[in-house]
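Look at the sequence and the structure before reading on.

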Amino acid sequence: MMQMNKHFPAERHIVLANGLRVHLVPRPDFHQMAANLTVDFGGRDDTFYWKNQTITQPLGVAHFLEHRIFGQPDYDAFQKLSELGADANAFTSQSRTSYYFTSLANNLAALSELLHFTQTPYFPEDAVKREAQIISQEADMYQDNVDARLYRMLLGQLYPGDLLGEEIVGNHVSLDQITGQTLQTAFEAFYQPGNMDIFVTGAFDADAVLATIEQSTAGQRSGNVVAQVNTPKLAEPQTEPKIVSLPTNRTKVALGQRWRTPETMPTGRAGLKEMIAVSLALDLVFGELSPQYMDWYDAGIIDDDFSVEFEWERGFAFITVATDTPEPETVISEISTVLRHLAHTFAQLQSEFDLVKKDAMGRAVNRFNFMEEDAVSFEGNLFDGSTVMDEYSILEEIDVTFVQSVLDQNPLPEISSIIVRPNLGLL
């Protein structure tokens with residue numbers, strides 16, 4: 001196998017005195033750099049223990065904070081980053097919030113700004129109210145998106161009563177409840193240096209970048225206690241297919257299946273290795289060249305939009321399968337059978353494993369060429385600061401025996417499903 005780390009300078013992983021985790025991944029042959037500041041705080045973290053009390057906040061606070069923190073006392077950080085030659089953006093997942101930019105090489109001014117505005121809370125009530133109206137429009141857009149609603153409804157079946165079944169952006173009711181003090185509390189509880197990772201990749205002077213980080217607002221802040229997130233107790237998944245009508249031209253089906261329980265999920269590099277192993281198994285069993293896929297496709301019960309995803313975040317992991325289909329009940333039956341016997345099906349296809357592995361390694365190698373994708377995909381503390389180099393190294397060492405053992409040791413629970421039937425009268 002090719003040793004990719006021989007082709008790049010060594011990565012540097014450092015923890016500053018205040019707890020800020022720094023990850024420098026130089027790529028000197030490129031003309032760009034990318035940086036990502038990730039906070040271990042996301043949409044699902046509405047209840048937490050902090051300052052000797054349990055606090056529950058409205059749905060959507062993490063995403064709201066992501067929007068509002070760009071607004072500084074006398075300027076807009078998004079605009080300033082643009083003026084500094086950086087293309088910036090941000091996103092919120094269920095368990096983290098990330099702020100990132102790409103620019104030409106060695107843009108220390110943009111890096112310094114990223115490490116300043118994300119540490120500087122400013123939440124005047126009039127600005128918060130205006131932001132709530134903007135995000136309400138975003139929430140309406142998700143309600144108008146059939147695929148987004150299907151996904152959330154599936155998670156609602158898979159995790160009944162859990163925030164995973166709710167939109168991360170919140171809703172009209174919850175957004176009206178968010179105040180400047182709500183955001184300030186969330187900021188103080190989670191936006192602490194010890195709860196953050198800064199990842200920089202591309203063309204840059206490593207010593208200059210490290211000095212910039214150390215001298216920045218993030219590097220100089222005192223580290224305070226981080227809130228302890230409440231881990232919700234999971235209810236059993238709903239296994240009866242849920243049938244709904246939505247404004248779509250074709251019948252849609254989505255299935256979901258949990259992977260492990262929060263208590264048994266491996267963490268750090270072990271978690272990353274297991275996630276990669278399961279992803280390889282799903283590629284082999286459900287990929288476009290698999291016998292199952294070809295049979296379903298030739299029979300016309302799935303289409304080109306057939307997708308299988310494996311998601312792994314702090315505290316949960318699950319498999320989803322989705323497709324348009326004229327035969328929803330047949331699709332649910334067929335896919336459910338394969339999922340319930342995933343280990344057995346994988347064992348029958350082991351002779352093709354090397355092809356799937358080589359394809360995954362090729363995709364990993366390709367990611368070395370895209371600075372923004374490398375930065376955005378950085379998971380922070382979830383996998384102990386692992387980078388694409390770590391993913392490639394794990395792919396190199398994983399063999400079919402390991403994947404089979406992971407599947408054998410983790411029998412999958414029951415399956416949740418949604419059928420969406422067209423109702424064009426809802427348009």
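The text below covers a predicted model, taking its pockets, then one threonine, then a strand hairpin.

Rolling a probe the size of a water molecule over the atoms shows where empty space is left. The largest pocket holds about 1500 Å³ of space. It is lined by 47 residues, and those closest to its centre are Ser-279, Asp-283, Glu-309, Ala-360 and Arg-363. Two or more lining residues come from each of helix H10 (268-286), helix H11 (291-299), strand S14 (307-313), helix H14 (353-367), helix H15 (371-376) and helix H16 (388-397). Of these, H10 supplies the largest share, nine residues.

The second largest pocket has a volume of about 400 Å³. Nearest its centre lie Thr-92, Ser-93, Tyr-142, Arg-152 and Ile-168, which are among its 22 lining residues. The elements that supply at least two residues each are helix H1 (61-68), strand S8 (87-92), H4, helix H5 (146-158), S14 and strand S15 (316-324). H5 gives the most here, with five residues.

**Thr-118**

Is Thr-118 buried or exposed? Its relative accessible area is 0%, and a residue counts as buried when this value is under 20%, so Thr-118 is buried. The side chain of Thr-118 reaches back to the backbone oxygen of Leu-114, at 2.7 Å. If neighbours within four places in sequence are left aside, Thr-118 is in contact with Leu-37, Ile-69, Tyr-99, Phe-187, Tyr-191 and Met-196.

Strand S1 (residues 12-15) and strand S2 (residues 21-26) run antiparallel and are joined by four bridges. Which residue of S2 is the bridge partner of His-13? The partner is His-23. Five residues lie between the two strands of this hairpin, and Gly-19 takes a positive phi near 100°. In a regular strand the side chains alternate between the two faces of the sheet.

How values were computed: Residues are numbered from 1 along each chain as its sequence is written. This is a predicted model: local features need pLDDT of at least 70, side-chain atom pairs count only at pLDDT 80 or more; totals for chains, interfaces and linings use all residues. Side-chain values use heavy atoms; hydrogens and water are left out. Buried means under 20% relative accessible area, exposed over 50%, partly exposed in between (1.4 Å probe, protein chains only). A polar contact is a pair of N or O atoms within 3.5 Å; within protein, one must be able to donate a hydrogen and the other to accept it, and residues adjacent in sequence count only if both atoms are side-chain atoms. Contact means heavy atoms within 4.5 Å. On a 1 Å grid over the protein atoms alone, a cavity is a set of points where a 1.4 Å probe fits but cannot get out, and a pocket is an open set with protein on both sides within 12 Å along at least five of seven lines; lining residues have an atom within 4 Å of a point. Grid points are joined across faces, edges and corners, and a volume is the space filled by probe spheres set on the points. Two strands pair if DSSP finds at least two bridges between them.
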